[in-house]
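Here is a short report on one protein chain. Keep the structure in view while you read, and look up each residue as it is named.

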Amino acid sequence: MTTSRSSITEAEIIELISKLHALLPEARRRGTHRASSAKLLKETCSYIKSLHREVDDLSDRLSYLISSMDVTTSQAEIIRSLLR
């Protein structure tokens with residue numbers, strides 16, 4: 001019989017916070033683990049939002065480039081196939 005856990009241990013939370021710290025560029029620059037968990041979570045949210053903005057910007061730029069390309073070029077077809 002398998003049981004599912006609905007709670008997470010403090011040790012697991014600490015490990016996840018440590019992993020988040022290692023992923024965030026700003027936290028890595030600081031190089032310390034002194035930031036509170038709340039601050040680290042706020043930084044994570046902010047970083048994710050900035051990544052979303054960057055993806056949106058790149059998507060807009062790519063759409064513009066594709067729309068300005070000659071639709072018959074092999075390069076345009078390659079790009080379209082990659083976006084599918």
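Lys19 forms a salt bridge with Glu15, and the closest N and O atoms of the pair are 3.3 Å apart. The model shown is a predicted one. Where do the two partners lie? Both Lys19 and Glu15 sit in helix H1. They are four residues apart, about one turn of the helix. How many salt bridges does the structure hold? The count is one.

How open are the two partners to the surroundings? Lys19 has a relative accessibility of 46%, so it counts as partly exposed. Glu15 has a relative accessible area of 44% and is partly exposed as well.

**The whole chain**

Now step back from the pair. The chain has four helices and zero strands. Read from the N terminus, the order of elements is α-α-α-α. The chain has 84 residues, and 11% of them are buried. Its accessible surface comes to about 7,300 Å². Carbon and sulfur atoms own 59% of that surface.

What share of the contacts links residues 24 or more positions apart? Taking contacts with a separation of 6 or more, the share is 6%.

Helix H3 covers residues 37-68. Thr44 has its place there. Is Thr44 buried or exposed? Its relative accessibility is 11%, and buried means under 20%, so Thr44 counts as buried. Which residues does Thr44 touch, beyond its neighbours within four places in sequence? The contacts are Leu20 and Leu24.

Glu43 also belongs to helix H3. Its relative accessibility is 18%. That value is under the 20% cut-off, so Glu43 counts as buried. Residues up to four places away in sequence are again set aside. Glu43 then touches Leu24, Glu26, Ala27 and Arg30.

Ile48 lies in helix H3. Ile48 and Leu24 are 24 residues apart along the chain. Their C-alpha atoms are separated by 9.7 Å. Is Ile48 buried or partly exposed? With a relative accessible area of 41%, Ile48 is partly exposed.

**Patches on the surface**

Which residues gather in a patch of negative charge? They are Glu54, Asp56, Asp57 and Asp60. One of them, Glu54, is found in helix H3. Glu54 has a relative accessible area of 47%, so it is partly exposed.

A nonpolar patch is formed by Ile8, Ile13 and Leu16. Together these residues have about 260 Å² of accessible area. Ile8 is found in the segment before helix H1, which spans residues 10-23. Ile8 has a relative accessibility of 44% and counts as partly exposed.

**Accessibility in one view**

The table gathers the residues whose values were given above.

| Residue | Relative accessibility | Class |
|---|---|---|
| Thr44 | 11% | buried |
| Glu43 | 18% | buried |
| Ile48 | 41% | partly exposed |
| Ile8 | 44% | partly exposed |
| Glu15 | 44% | partly exposed |
| Lys19 | 46% | partly exposed |
| Glu54 | 47% | partly exposed |

Go back to the structure with this table in hand. Find Thr44, which is buried, and then Glu54, which is partly exposed. Finish at helix H1, where Lys19 and Glu15 lie four residues apart.

Note on methods:
Residues are numbered from 1 along each chain as its sequence is written. This is a predicted model: local features need pLDDT of at least 70, side-chain atom pairs count only at pLDDT 80 or more; totals for chains, interfaces and linings use all residues. Side-chain values use heavy atoms; hydrogens and water are left out. Helices (H or I, at least four residues) and strands (E, at least two) are DSSP runs, numbered from the N terminus. Buried means under 20% relative accessible area, exposed over 50%, partly exposed in between (1.4 Å probe, protein chains only). Contact means heavy atoms within 4.5 Å. Accessible areas come from the Shrake-Rupley method with a 1.4 Å probe; for residues, only the protein chains shown count as cover. Patches are made of residues with over 30% relative accessible area and no salt bridge: like charges are joined within 9 Å, nonpolar side chains (Val, Leu, Ile, Met, Phe, Trp, Tyr) within 5 Å. A salt bridge is a side-chain nitrogen of Lys or Arg within 4 Å of a carboxyl oxygen of Asp or Glu. Lys and Arg count as positive and Asp and Glu as negative; His and the chain ends are not counted. The place of a charge is taken as NZ of Lys, CZ of Arg, CG of Asp or CD of Glu.
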